[in-house]
Amino acid sequence: MPSQPKSVPLPAESRLRQVYDRTDLADAYAIVLPRGTSSDPELLARFVFSHQPRWVSALMEVRDTVVAGFGLKTGRSLRSPEQQRGRIGIFRVYETSAREVIMGEDDKHLDFRASVFYRAASDEPAAEAHLVLSTVVHCHNLLGRSYLTLIAPFHRMVVQAFLRKAAKAGWPRAPQLV
């Protein structure tokens, strides 16, 4: 049975901790990765975000319809062909390293960043590697704070659903050395 996501603190080693001086939301969810899973955070991020549950797609359609009336960016506009370079799904990639990819988006109401962080197993025999999906949000105004209040509970469900669906699909394997 695949691992289940668990709420954890933002990883101490994550660059996400340094993105904003002040955050209005910060959360992180970790999931155990089976032995032999790739340690490439960009590959893992692309894998996670390519496994969107159907109910999340429906929720995003509702979100896009509502926020378009406020002049905010929509998932539809961010998925357009001219927007795809330098993106993972609808998210702009801001930074990559051997253990982490940071992506997100800036808009007039708020800015957010998400991190896919690969936490390697320790040297202990029973130690397991983890993928940690973290989010930080910085609101600019009342619209941003109101929006965040409305979507925060859904955000947490969505993040966990993405991780569960990716785990169920089977994580990408590390390349085998010959």
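Here are a few friendly notes on the pocket and the nonpolar cores of this predicted model.

1. Let's start with the open space. The largest pocket holds about 1200 Å³. It is lined by 43 residues, and those closest to the pocket centre are Met60, Arg63, Tyr147, Ile151 and His155.

2. Next, where the lining comes from. Two or more lining residues come from each of α2 (54–68), α3 (75–78), β5 (100–106), β6 (110–119), β7 (129–139) and α4 (142–169). The top contributor is α4, with 11 residues.

3. Now to the packing. The largest nonpolar core has 38 residues, and the members that touch the most others are Val48, Phe49, Met103, Val116, Leu131, Leu163 and Trp171. At least two core residues come from each of β2 (25–33), α1 (41–49), α2, β5, β6, β7 and α4. Here too α4 gives the most, with nine residues.

4. Beyond its neighbours within four places in sequence, Leu163 is in contact with Pro5, Tyr29, Ile31, Val48, Leu131, Leu133 and Trp171. Among these partners, Val48, Leu131 and Trp171 are, like Leu163, on the list of core members that touch the most others.

5. One more core deserves a look.

Definitions and conventions: Residues numbered from 1 in each chain as written. Predicted model: local features only at pLDDT ≥ 70, side-chain atom pairs only at ≥ 80, totals over all residues. Heavy atoms only, no water. 1 Å grid on protein atoms, 1.4 Å probe; cavity = no way out; pocket = protein on both sides within 12 Å on 5 of 7 lines; lining within 4 Å. Points joined across faces, edges and corners; volume = space filled by probe spheres on them. Helix = DSSP H or I, 4+ residues; strand = E, 2+ residues; numbered from the N terminus. Core = buried A, V, L, I, M, F, W, Y, C linked by side-chain atoms within 4.5 Å. Buried < 20%, exposed > 50% of the residue type's maximum accessible area, 1.4 Å probe, protein only. Contact = heavy atoms within 4.5 Å.
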